[in-house]
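Let's take a friendly walk through a protein model, one piece at a time. Keep the picture in view and look for each part as we reach it.

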Amino acid sequence: MPHPLGTQPSKIIAVHLNYPCRAKERGRVPDQPSYFLKPPSSLAGSGDPLVRPSGCELMSFEGEIALVVGRRAHRVTPERGWSHIAWVTAANDAGAYDLRYADRGSNLRSKGADGFTPLGPRLLDATELDPAELRLRTWVNGELVQDADTGTLLFPFGALIADLSRLLTLEPGDVVLTGTPAGASVVSPGDVVEVEVTGAGDRVSSGRLRNAVTEADHDLAPWGAMPRVDAALRADAWGPGHTPEPVLDRDLAEALRGISTATLSSQLRKRGLQHMTIDGVRPTRPGDKLVGSAHTLRYLPLREDLFKKYGNGMNAQKRAVEELRPGQVLVMDARRDPTSGTIGDILALRAKMRGAAGIVTDGGLRDSAAVAALDLPTYYAAEHPAVLGRRHVPWDTGVPVACGGALVQPGDILVGDADGVVVVPPDLAEQLVADSTEQELQERFIAEQVAAGEPVDGLYPLGPDWRAAYQRWRDTRG
């Protein structure tokens, strides 16, 4: 689309976090603004489609106020920043979370695709507006999902222009996207997103920027990074208030609940998978059964100079808990160091309230008696009273981890009982259920024969001389 001023901007700059309500959703309040660039080729207008790339699931919308620079800005003060803005309009900072991992930090492909920055439909004269009295609203399929004003921004518009102009020159026509409020989420083909900016007590309006979401009519070429999602990314994209279905199929989970870890371990070994047990952990409640899909948290060795940045506030440990979806197991990689607690009763309770299926850590457990009292299967290496910060820095979530000597990927299935915890690859789960069920039937038959006085030679494992008797026994059990 042509730029609203008739020419393409030299750059589009987007602010990560600027509304307190959005910062609360994200669990962090930045000390200073941070930015990313969107290419001018991402511009679109009202009525243009928002095209979700083929293979992507998590197309997002973010209603924003767009500032269009009118006068060249270089090393201006916050007090003079607003005077360099000529126009204000509505924008949608659209993106595809599925590609965010590919350009971590830059958002180039996830946010920069053609058409991912619709603007308009009308420009408001900035000289007639109070930048602290603008209102931003977003609707999805006619339902109001975002509604915020600019009176309490973390970084006022003049301050953004001043900050940016310290090191780079803003040219006439450049666009600054000023952040999105709470309520941004996921849309699907067929949905319609509308964004409006108003000022002067709603007496002036940008009009509604209206864009329908469509599916790309061509496959994404296979060279380069392909779309990728996991449970943590889905939780991040959908945002608070979304109640997803359990991540693990209910029928599959119920079937796994009826199989022992000893049997699963045996079946995994038959398939050449020798290292699928999480070693060195024990349950708080040996009678409970654990079945769920892995959501991972990685701790790194303590470095005091980095703990302030990574260990305080809404750190990765707390984020991991808040990202949990129903049916997930929080799996923690503490480098098999049990000499410091990796979770305690408050966060374990929060995990339970989030619908977690359980917790597994190869580190220490604080408040062990209180955690054991929760109806939440929990496996751990040792009890330890120390708080976070003695041995570990909570580093990141949703990544492959090593827990108790086993490699656990996000989305792997965890099954635990009194014997321990086994990692089940999701693509093998249904066949493992079938083969494990048959194995356990055979072992029940064998146990009955042994109890009746039969020797184990030729019987355990089931030999050819016992096959017919076993089949007759099996047929009587339907």
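Strand β7 (85-92) has 6 of its 8 residues buried, so it is largely enclosed by the rest of the structure. Here, buried means under 20% relative accessible area, exposed means over 50%, and partly exposed lies in between (1.4 Å probe, protein chains only). Strands (E, at least two residues) and helices (H or I, at least four) are DSSP runs, numbered from the N terminus. The model is predicted, with local features needing pLDDT of at least 70 and side-chain atom pairs counting only at pLDDT 80 or more, while totals for chains, interfaces and linings use all residues. Residues are numbered from 1 along each chain as its sequence is written, and side-chain values use heavy atoms, leaving out hydrogens and water.

What are the partners of β7? Strands of a sheet pair through backbone hydrogen bonds, either parallel or antiparallel. To count as a pair, two strands need at least two bridges found by DSSP. β6 and β7 run antiparallel and are joined by 7 bridges, with Ile65 standing opposite Ala90 in β7. β7 is also joined to strand β9 (residues 117-125) by 4 bridges, again antiparallel, and there Trp87 has Asp125 of β9 as its bridge partner.

Now look for the nonpolar cores. Such a core is a set of buried Ala, Val, Leu, Ile, Met, Phe, Trp, Tyr and Cys residues joined through side-chain atoms within 4.5 Å. The largest one has 42 residues, and those with the most contacts inside it are Ile65, Leu67, Trp82, Val88 and Phe157. Among the elements that give it two or more residues are β6, β7, β10 and α4. The largest share, 5 residues, comes from α4. A second, separate core of 32 residues includes Tyr379, Val401, Val421 and Val424.

Next, find helix α7 (residues 261-270), where 7 of the 10 residues are buried, so the helix is largely enclosed by the rest of the structure. Thr261, Leu264 and Leu268 are among those buried residues. What covers them includes α6, β17, β29, β30 and α12. Just after α7, Gly272 takes a positive phi of about 85°.

α6 (residues 250-257) and α12 (residues 429-451) pack at an angle of about 35°, with their axes 10 Å apart. Axes are lines fitted to C-alpha atoms, for helices over the stretch in contact, and angles run from 0 to 180 degrees between N-to-C directions. Leu252, Ala255 and Leu256 in α6 meet Ala429, Glu430 and Val433 in α12, where contact means heavy atoms within 4.5 Å.

Finally, turn to an open sheet of 3 strands, in the order β21-β23-β25 with parallel pairing. In the loop between β23 and α11 sits Arg366, which counts as partly exposed at 25% relative accessibility. Not counting residues up to four places away in sequence, Arg366 touches several residues, including Ile343, Asp345 and His384.
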